[in-house]
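Hi,

Here is the structure I said I would pass on.

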Amino acid sequence: MPTPRVAAIHDMSGFGRCSLTVAIPVLSAMGLQCCPVPTAFLSTHTGEFEGFTFLDMTDEMPAIAAHWNTLGLHFQSIYSGFLGSERQIHIVEDFIRTFHRKDTIVVVDPVMGDHGAVYKTYTPAMCAGMAHLAAQADVITPNLTEAALLLNVPYHTLSADEAGCRAIVERLSLDGRRSVVLTGASASPELTGAMYFDAKSGSSAMIQTSRVPGWFFGTGDVFASVLTGALVRGDSLDDATRQAVDFIRLCAERTVEQNLPLREGVDFEPLLKHLIR
Ligand code: PXL
């Protein structure tokens, strides 16, 4: 079987382990070919760093898509994340229209913020556009902050417990047509993980693991990359969510042991072996 291809539309942040510096190694370890479409090049991610550089790649993206189209490329998945400008919303929608085939899994990680705050480079128009883009997805992977933005409700009105998370994934499912994997779902203070709604089966479930105390950068990107890889490998949404939750716990445990500055992201590289089948 040819190695499945994933078009990964994210920023490349040179330092801090997020976006493409996570998606490429994770998808490769999972046996998939990652084809990056960089939305921006930053020296670091935008959280807890000042003075980062930001090279907007908006004009390059349609040219990349046009060239790939002449090559007749197909993708088993189109996986988008952090976007660099409002115009990129339409560019990614066009990309999906051009390269989508019957078997393509479209994963939109609606990266916009965390802990109730919107990331520094995101405007209200970009957040509204993200909801539009997310309507094209088979699967979305918001955290609670992004769920509030997609639902257009204040963050503090959402609750991370089981009943609260089930209500959120059902509301975000577009009447059951779209799968939703909500991160940061927590049944009790000692547990954390995700709640999913699976559009294929119409079922929802909470997947939990023990909570590693602390707060970690880039875990949303690691989570969505493992989930995408598992779905492309043919695993069920339940199994894919379990793999992503377990891998994040391993990453968090190792990062705490290393006592790394939080802004350096999770120390996932020595753990990639756990993703290889
Ligand atoms: O981890 C999400 C993310 C992706 N890309 C950039 C970011 C962040 C979060 O801060 O700054 C550039």
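Predicted model: local features only at pLDDT ≥ 70, side-chain atom pairs only at ≥ 80, totals over all residues.

**The ligand**

The residues around the ligand are Asp 11, Ser 13, Cys 18, Ser 19, Leu 42, His 45, Thr 46, Gly 47, Phe 82, Val 111, Tyr 119 and Asp 221. In Ser 19, a side-chain N or O atom sits 3.1 Å from a nitrogen atom of the ligand. Thr 46 has a side-chain N or O atom 2.7 Å from a ligand oxygen. For Asp 221, a polar side-chain atom is 2.7 Å from an oxygen atom of the ligand. As for how much is covered, the ligand on its own exposes 310 Å², and the protein buries 96% of that.

**The aromatic rings**

How many aromatic pairs does the structure hold? There are eight. Take Phe 15 and Phe 49: their ring centres are 6.2 Å apart and the planes meet at 75 degrees, so this pair is edge-to-face, which takes an angle over 60. This pair ties together distant parts of the chain, 34 residues apart: Phe 15 belongs to strand β1 (residues 5-15), while Phe 49 is in the loop between β2 (33-44) and β3 (54-56).

Trp 215 and Phe 217 make another edge-to-face pair, with 4.7 Å from centre to centre and 80 degrees between the planes. Here Trp 215 is partly exposed, with a relative accessible area of 29%, and Phe 217 is buried at 13%.

**One serine**

Last stop is Ser 204, which you will find in strand β11 (residues 203-210). Its side chain makes a polar contact of 2.8 Å with the side chain of Arg 166. Leaving aside residues up to four places away in sequence, Ser 204 touches Arg 166, Glu 170, Met 195, Tyr 196 and Phe 197. Arg 166 therefore turns up both as a polar partner and among the residues in contact, where contact means heavy atoms within 4.5 Å.

Cheers

How values were computed
Residues numbered from 1 in each chain as written. Heavy atoms only, no water. Helix = DSSP H or I, 4+ residues; strand = E, 2+ residues; numbered from the N terminus. Polar contact = N/O pair within 3.5 Å; in protein donor to acceptor, adjacent residues only side chain to side chain. Phe/Tyr/Trp six-rings, centres within 6.5 Å; stacked < 30°, edge-to-face > 60°. Buried < 20%, exposed > 50% of the residue type's maximum accessible area, 1.4 Å probe, protein only. Near = heavy atom within 4 Å. Areas by Shrake-Rupley, 256 points an atom, 1.4 Å probe, with all protein chains shown as cover.
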